[in-house]
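Please keep the sequence and the model in view while reading.

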Amino acid sequence: MSVAKKEYKRITVKSLIDMKSRGEKISMLTAYDYTMAKIVDGAGIDVILVGDSASNVMAGHETTLPITLDQMIYHASSVLRAIERALVVVDLPFGSYQSDPKEALRSAIRIMKESGGHAVKMEGGKEVKESIKRILNAGIPVMGHLGLTPQSIYKFGTYTVRAKEEQEAQQLKEDALMLERAGCFALVLEKIPAKLAEEVAKSISIPVIGIGAGNGVDGQVLVTHDMVGMTHEFNPRFLRRYMNLYEEMNKAFTQYGEDVKSGDFPNDKEQY
Ligand code: KIV
């Protein structure tokens, strides 16, 4: 059981802000289903993100764009049934908030009502400011997401590091400040230079959670299936693999296949 697990019965948006002010780092991982969420929550991870990366990891799409609001709600409700302690943040999927603030609010309300999620996350800076304000006015906590924002992959053209140039870095700093002022409770920074991420984390009072953004931020997030090595083809520099589950599972499935074919499974003790 982690140290943090003893400190908090339930993680809230306020606990995260307290953690930042105490200098305690925040841990965050993704989950899209009940079984994985139960393991992640049981390990004392502070925040579970029902990410739209489910589009890649669970559904096999090339990008996060195809996943729908209904599908996100399905994943989020499965996760929520498993949770005892973690704060659960649910991604607003592409197309559910970009067109206008009223639609953004409707989508956020559906997530909160139908899945029981505790907060929503949305990608973007000044272009989504009005939507963020409207959602916050309804009492729904919002986590921002800047840097590499995968819902805009066709605008960027590649998944390479963002904000290396001065102009984009300056815009990112302004957007981070705007998100804090608008009332976001936290911010994800994805795949940007570590120095820039640290500068942003120091310049705002809300927690900054990084993925490929170095160690000078207030917490870290990884996609669970990547860090346990189930997705073995994705190998960015920022990813630390804690297990090689692809290999372990492959061995188990191969052995099972052989045991069935040879008649070794089930044995006398494995039947009625
Ligand atoms: O969808 C997701 O998993 C994310 C993380 C990579 C931050 O947004």
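In this predicted model, helix α9 (residues 166-182) packs with helix α10 (residues 194-203) at an angle of about 25°, and their axes lie 10 Å apart. Since angles under 35 degrees count as roughly parallel, α9 and α10 are therefore roughly parallel to each other.

**Helices α9 and α10**

- The crossing in which α9 passes α10 is right-handed.
- On the α9 side, the contact is made by Ala169, Leu172, Lys173, Ala176 and Leu177, and on the α10 side by Leu196, Glu199, Val200 and Ser203.
- Sorted by class, the contact of α9 with α10 contains six nonpolar residues, one polar residue and two charged residues.
- An α-helix has 3.6 residues a turn, so residues three or four places apart point the same way.

**Helices α6 and α7**

- Helix α6 (residues 101-115) and helix α7 (residues 129-137) have axes that come within 8 Å and cross at roughly 45°.
- With this angle, α6 and α7 are therefore oblique to each other.
- The passage of α6 across α7 is a right-handed crossing.
- From α6, the residues Pro101, Lys102, Ala104, Leu105 and Ala108 take part in the contact, and from α7 the residues Glu130, Ser131, Arg134 and Ile135.
- The contact of α6 with α7 comprises five nonpolar, one polar and three charged residues.

**Helices α5 and α6**

- Helix α6 also packs with helix α5 (residues 69-80), at an angle of about 35° and with the axes 9 Å apart.
- Here α5 passes α6 in a right-handed crossing.
- Helix α5 contributes Leu69, Asp70, Ile73, Ala76, Ser77 and Leu80 to the contact, while α6 contributes Ser107, Arg110, Ile111, Glu114 and Ser115.
- Within the contact of α5 with α6 there are five nonpolar, three polar and three charged residues.

**Helix α12 and the segment after it**

- How does the span of helix α12 (residues 245-262) agree with 1.5 Å a residue? Its 18 residues should span 26 Å, and its end C-alpha atoms are 25 Å apart, which agrees.
- Just after α12, Gly263 adopts a positive phi of about 85°.
- In the segment after α12 lies Pro266, which is joined to Phe265 by a cis peptide bond with an omega of about -5°.

**A positive phi in a loop**

- Most residues other than glycine have a negative phi, and most peptide bonds are trans.
- Ala163 has a positive phi of about 60°, although this residue is not a glycine.
- Ala163 is placed in the loop between α8 (153-156) and α9.

**Confidence in the model**

- The protein chain has a mean pLDDT of 96, with 97% of its residues at 70 or more.
- Where in the chain is confidence lowest, and where is it highest? The lowest mean, 58, belongs to helix α1 (residues 3-7), and the highest, 99, to strand β2 (residues 47-50).
- Where pLDDT is low, the predicted coordinates should not be read in detail.

Technical notes:
Residues are numbered from 1 along each chain as its sequence is written. This is a predicted model: local features need pLDDT of at least 70, side-chain atom pairs count only at pLDDT 80 or more; totals for chains, interfaces and linings use all residues. Side-chain values use heavy atoms; hydrogens and water are left out. pLDDT is the predictor's confidence in each residue, from 0 to 100. Helices (H or I, at least four residues) and strands (E, at least two) are DSSP runs, numbered from the N terminus. Axes are lines fitted to C-alpha atoms, for helices over the stretch in contact, and angles run from 0 to 180 degrees between N-to-C directions. Angles under 35 degrees count as roughly parallel, over 145 as roughly antiparallel, 65 to 115 as roughly perpendicular and the rest as oblique. A crossing is left-handed if the near helix is turned anticlockwise from the far one by less than a right angle, and right-handed if clockwise. Contact means heavy atoms within 4.5 Å. Ala, Val, Leu, Ile, Met, Phe, Trp, Tyr, Cys and Pro count as nonpolar, Asp, Glu, Lys and Arg as charged, and the others, Gly among them, as polar. The expected span of a helix is 1.5 Å times one less than its number of residues.
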